[in-house]
Amino acid sequence: MNPQDPLADLHPLRAPQLIGWWPLAPGWWLLLLAGIIVLGGLAYLLHRRYRRNIYRRQALRQLQALHADYLTKMDVSHFLGQLNALLKSVALLAYPPPTIAAQHGAHWRAFLNGSLPPDRQLPPAFDDAAYQKTCPEIDVTQVQQAAQHWIKHHRAMP
């Protein structure tokens, strides 16, 4: 032992052991549980929305088939009759039946146009075109696009 150097007898400093990540602190467990609950709720809401809009996807497929049928046969009155029936069936699923079932003609077109932007409105010739054997000159592409927009974007009653 050297009396001249008292620090020579000290042992070197030891670094503390690193803190491990496991087991988690209670706050992390609560945060993990809250995250799982939020993700589960979000998955439930998305699934419910997906199921609630099945009728829209089916109607859009039917509309596409109707339009393809029209392009092969070029029968405007048949297309408009089938389109009107399709729109009526979609509306009956989305709204209370007593308010929809009796609508026809100008009232029916006004109901549909109420959910359409001004550039996609159904023309007045649509009122009775579905019920006539020979229909007046009507832009089938415009009617098809208006129907597609209405099916996609109408606000259904809860």
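First, the ground rules. The model is predicted, so local features need pLDDT of at least 70 and side-chain atom pairs count only at pLDDT 80 or more, while totals for chains, interfaces and linings use all residues. Residues are numbered from 1 along each chain as its sequence is written, and side-chain values use heavy atoms, with hydrogens and water left out.

Helices here are DSSP runs of H or I with at least four residues, strands are runs of E with at least two, and both are numbered from the N terminus. Axes are lines fitted to C-alpha atoms, for helices over the stretch in contact, and angles run from 0 to 180 degrees between N-to-C directions.

I start with α2 and α3. Their axes come within 10 Å and cross at roughly 175°. That makes α2 roughly antiparallel to α3; the classes are roughly parallel under 35 degrees, roughly antiparallel over 145, roughly perpendicular from 65 to 115, and oblique for the rest. Contact, in this talk, means heavy atoms within 4.5 Å. On the α2 side the contact is made by Tyr55, Ala59, Gln62, Leu63, Leu66, His67, Asp69 and Tyr70. On the α3 side the residues include Phe79, Gln82, Leu83, Leu86 and Val90. By class, there are twelve nonpolar, four polar and one charged residues in this contact of α2 with α3. For the classes, Ala, Val, Leu, Ile, Met, Phe, Trp, Tyr, Cys and Pro are nonpolar, Asp, Glu, Lys and Arg are charged, and the others, Gly among them, are polar.

Leu66 is found in α2 and counts as buried at 15% relative accessibility. The cut-offs are under 20% relative accessible area for buried, over 50% for exposed, and partly exposed in between, with a 1.4 Å probe and protein chains only. Leaving out residues up to four places away in sequence, Leu66 touches Phe79, Gln82, Leu83 and Leu86. Leu66 and Asp5 are 61 residues apart in sequence, and their C-alpha atoms are 100 Å apart in space.

Leu83 lies in α3 and is buried, at 0% relative accessibility. Neighbours within four places aside, Leu83 is in contact with Leu63, Leu66, Phe126, Val143 and Ala147.

Next, α2 (residues 54–73) against α7 (residues 140–153). Here the axes come within 9 Å and cross at roughly 170°, which makes α2 roughly antiparallel to α7. Among the residues in contact are Leu60, Leu63 and Tyr70 of α2, and Val140, Ala147 and Ile151 of α7. Seven nonpolar, four polar and two charged residues make up this contact of α2 with α7.

The pair α3 (residues 76–94) and α5 (residues 105–113) packs at an angle of about 65°, with axes 12 Å apart. The crossing of α3 and α5 is left-handed, meaning that the near helix is turned anticlockwise from the far one by less than a right angle; clockwise would be right-handed. Asn84, Leu87, Lys88 and Ala91 in α3 meet Trp108, Phe111 and Leu112 in α5. That contact of α3 with α5 has five nonpolar, one polar and one charged residues.

Now the core. Which residues touch the most other members of the largest nonpolar core? They are Leu83, Leu87, Phe126 and Trp150, out of 28 residues. A nonpolar core is a set of buried Ala, Val, Leu, Ile, Met, Phe, Trp, Tyr and Cys residues joined through side-chain atoms within 4.5 Å. At least two residues of this core come from each of α2, α3, α5, α6 (126–129) and α7, and α3 has the largest share, eight residues. Outside four places in sequence, Phe126 touches residues including Leu80, Leu83, Trp108, Ile138 and Val143.

Last, some backbone points. Most residues other than glycine have a negative phi, and most peptide bonds are trans. Met74 is not a glycine but has a positive phi of about 55°; it sits in the loop between α2 and α3 and is exposed, with a relative accessible area of 51%. Trp22 and Pro23 are joined by a cis peptide bond, with omega about 0°, and Pro23 lies in the segment before α1 (26–52).
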